[in-house]
Amino acid sequence: MRIYETANYEEMSRKAANILSAQVILKPDCVLGLATGSTPIGTYDQLVEWYEKGDVDFSEVKTVNLDEYKGLTRDNDQSYYYFMHKHLFDRVNIKLENTNVPDGTEPDAEKECDRYEKLIESMGGVDIQLLGLGHNGHIGFNEPDSSFAKTTHCVNLTESTIEANKRFFASADDVPRQAYTMGIGTIMKAKKILLVVNGEAKADIVAKAFFGPVTPEVPASILQLHNDVVVVADRAALSKVPRQA
Ligand code: GLP
């Protein structure tokens, strides 16, 4: 695991965008695994800026998103489909038929999760998976659990996640209680992983996830076992990691 420390959020975003654009330049028809949440917004803004300058071309890129709230329609401004269009897809030359987000409107969880998992396989797997980090160590929507979920599945969101995400909704009652998410096994199959994290509020979980024991109670800790992970974190997020004397 390689950890890059940056001075602040802007530098974190630029570094992550550099890594993603390098991937696109090296393999123009690559499969990007994408993430939502507030952390990667700056990364997407930076990619859009470089696209506008003519430095990155998304015309052959394919994407698969990590997760989606169950029950939200695509035009709901809190759906991850809406988020991706707003922050990236509608701003670059990606072909919309090459973008994929789990379908939150499919009520049959097994059917949708099975379709999504097979879709990722049929695309040849993910070349680089972008991840954020939840306050409880979740990645995608893989919440702390007694075992690691292997494939795309339907999860019941924990109270702490509902609490953390309620700021985007009118009230906590409006936050969906379930989501479809790639499993830990799906994420671990990505050839490369790029995790972005910033801010002091994530310092405890960063120390636990990347310097503590590997446990399903801290889902992101499994990334310690992947052989190609880059964490790009600002100084505040790294402020509680054990330092060597
Ligand atoms: C959500 C998403 C995750 C994201 C996490 C952290 O629950 N499902 O993919 O990493 O929240 O969000 P933020 O970046 O806003 O802290």
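Q: Which residues of H3 are called buried, and why?
A: In this predicted model, they are Tyr80, Phe83, Met84, His85 and His87. Buried means under 20% relative accessible area, so each of these five residues falls under that cut-off.

Q: What covers the buried residues of H3?
A: The cover includes the strands E2, E3 (62-65) and E4, together with the helices H2 (41-53) and H5. Contact means heavy atoms within 4.5 Å.

Q: What makes H3 stand out in the lining of the largest pocket?
A: H3 gives the most to that lining, with five residues.

Q: How much space lies in the largest pocket, and which residues are closest to its centre?
A: The space is about 700 Å³. Of 38 lining residues, Thr36, Gly37, Ser38, Asn165 and Phe168 are the closest to the centre. Strand E4 (67-69), helix H3 (80-87) and helix H5 (159-165) are the elements that give two or more residues to the lining.

Q: How do the residues of the lining divide into nonpolar, polar and charged?
A: There are 16 nonpolar, 17 polar and five charged residues.

Q: Why are E1 and E5 called edge strands?
A: The open sheet has seven strands in the order E1-E10-E9-E6-E2-E3-E5, with parallel pairing. Strand E1 (2-6) and strand E5 (99-100) each pair on one side only.

How values were computed
Residues numbered from 1 in each chain as written. Predicted model: local features only at pLDDT ≥ 70, side-chain atom pairs only at ≥ 80, totals over all residues. Heavy atoms only, no water. 1 Å grid on protein atoms, 1.4 Å probe; cavity = no way out; pocket = protein on both sides within 12 Å on 5 of 7 lines; lining within 4 Å. Points joined across faces, edges and corners; volume = space filled by probe spheres on them. Helix = DSSP H or I, 4+ residues; strand = E, 2+ residues; numbered from the N terminus. Nonpolar A, V, L, I, M, F, W, Y, C, P; charged D, E, K, R; others polar. Pairing = 2+ DSSP bridges. Buried < 20%, exposed > 50% of the residue type's maximum accessible area, 1.4 Å probe, protein only.
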